[in-house]
Each structure stands twice: as C-alpha cells, then as structure tokens.
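The entries follow the order in which I looked.

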Amino acid sequence: PVKACIFDLDGVIVDTAKYHYLAWRRLANELGFDFSEEDNERLKGVSRMDSLNILLEIGGVQLDEARKEELAKKKNEWYVELIAHMDDKEILAGTTQFLTELQKVGVKIALGSASKNAKTILKRIGLMEMFDVIIDGTDISKAKPDPEVFLLGAEALKVEPSACVVFEDAVSGVEAALSAGMRVVGVGSKETLYKANDVVSSLAEMTLDRLEK
Ligand code: G6P
Ligand code: MG
C-alpha cells in the first residue's frame, strides 16, 4: 500500500509557470530578444540558474557568472512581485479534495519542489498545513532529474521509497522520481510524460483507488 505522496508544486498544485514565464520574458526583452511560450516548456522543473542558462542560450547571449547572478536575482524579484498576489483561487482543480482524502486515510503528504519560493506560495494559497514535510529549492544541492529532492522527502517522512508515489508535471521530475525508486503519476499530457506509471490531466482525476493501482 501507498504510505506517502510527494507533490511537485509548480504545475501540479498551482500554475505558477505563467508567472515564471512573464518574468523570464521580461528579462529576455531587456536583453534584446523574445522568448516564446513554447521555449518556456524547457524551463519547467529546472532550477533558477539552469533556467537562465537555457534562456541565454536561446537568445544567443554570453555573460560572465557575476552578471548571471545579477540577472537571476532580478528575475526572481519580478517573480516574487507576481506571486505576492496569489490566493487560494489559484489552487488547481481537485488538489484540496485529494489532499484531504489522503489525510483522512493516513497517507503522509510531502512537497518536493525545486523552487526557493515554495513556502511563500504555500502560505499565500493557504495549503502549508496540509504538508507533513516540505523539501524545496533551499534544501537541495542537485536539481531534478537527480532524485535528491524526493529521497530527502521520503527520509524526512520515514517512509521507504517503494511506498511513495510522486506527482509531477515535468519530464525531469518524472525521471527524478523513477530514479528514486518511486512510482510516479504524471500531471499533464500522456505524450510528454510517457515514462510515468500513470498520467492524469489534473489532480481532479485522482482517487485513492487509482493511487493503489
Ligand atoms: C520549479 C519550476 C521552475 C523554476 C524552479 C526554481 O521547478 O518548475 O520553472 O525555475 O522551480 O524556482 P525558483 O522559485 O527558486 O526560482
Ligand atoms: Mg513542476
């Protein structure tokens, strides 16, 4: 039986990808190029610095480390402004209900996110208390597809990886979960997340029955 569920944040619980996109596009525009929504797909699940490197590669811009630090900081300030206005209306469909069901039957709940803004967002949307353990970008040294974030989650919950199920919208996150020895439910499209053990289009499709299968 499943003893714990570990949830990614961006793209699973809230659609913050749109805010990341606005902030990255603003940065790209300042640097003199545009950044499409299609290109933005490549940034999902990727850490802040890695995202900046992909963005600069798309724009064909080369910068030294100090300048990159500066730009990453700037992007984050814009992003923080954008998420400051979030509230519980931004929780994606089915999330609160599914978390409540898990809690009722005693399945542990963890967050496994690459974002350093994860706790701010959980507070804004009022879901902080639903999580037994929160592992975010401030706790990890290796980004997805490395399994570190999920292994730390399982360890903190004292649950063996084989009894954990991960919920992920990013390809890198699905890979991270699999290499952690966990089962994974992809949240998004079957074509993109074909490596996952099961795929739903949102948590509204999840039930306790489906979780055990
Ligand atoms: C998540 C998002 C990425 C984001 C990363 C770091 O993985 O999917 O788009 O770049 O977190 O977020 P942060 O808030 O620390 O910049
Ligand atoms: Mg995500």
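**Around the ligand**

I began with ligand 1 and found that 15 residues surround it, the closest being Asp10, Arg48, Ala114, Ser115 and Lys116. Sorted by class, the shell around ligand 1 holds three nonpolar, eight polar and four charged residues. I note here that this is a predicted model.

On the H3 side the contact is made by Arg48, Met49 and Leu52, and on the H4 side by Lys68, Leu71, Ala72 and Asn76. I sorted the residues of this contact of H3 with H4 into four nonpolar, one polar and two charged.

**The sheet**

I then traced the strands and found an open sheet of six, in the order S3-S2-S1-S4-S5-S6, with parallel pairing. S3 and strand S6 (198–200) are at the edges, and because each has a single partner strand, one side of each is left without a neighbour in the sheet. Ignoring direction, neighbouring strands of this sheet are turned by 20° against each other on average. Looking at one pair, I saw that S1 and S4 run in the parallel sense over four bridges, and that Ala4 has Cys164 in S4 as its bridge partner.

**Helix H7 and its two ends**

What does helix H7 pack against with its buried residues? I listed Val149, Phe150, Leu151, Gly153, Ala154 and Leu157 as buried in H7, and the buried residues of this helix pack against strand S1 (4–7), strand S2 (108–112), S3, S4 and helix H8 (171–179).

Pro145 lies in the loop between strand S3 (133–135) and helix H7 (148–157), and the peptide bond joining Lys144 and Pro145 is cis, with omega about 15°. Just after H7, Lys158 takes a positive phi of about 60°, although Lys158 is not a glycine. Lys158 is placed in the loop between H7 and strand S4 (164–168).

Is Lys158 buried or exposed? I put Lys158 down as exposed, because 10 other C-beta atoms lie within 10 Å and the cut-off for exposed is 12 or fewer.

Methods: Residues are numbered from 1 along each chain as its sequence is written. Chains are lettered from A and ligands numbered from 1 in the order in which they are written. This is a predicted model: local features need pLDDT of at least 70, side-chain atom pairs count only at pLDDT 80 or more; totals for chains, interfaces and linings use all residues. A residue is buried if 20 or more other C-beta atoms lie within 10 Å of its own, exposed if 12 or fewer, and partly exposed in between; C-beta atoms are placed from the backbone. Two residues are in contact if their C-beta atoms, placed from the backbone, lie within 7 Å. Ala, Val, Leu, Ile, Met, Phe, Trp, Tyr, Cys and Pro count as nonpolar, Asp, Glu, Lys and Arg as charged, and the others, Gly among them, as polar. A residue is near a molecule or strand if its C-beta atom, placed from the backbone, lies within 6 Å of it. Two strands pair if DSSP finds at least two bridges between them. Axes are lines fitted to C-alpha atoms, for helices over the stretch in contact, and angles run from 0 to 180 degrees between N-to-C directions.
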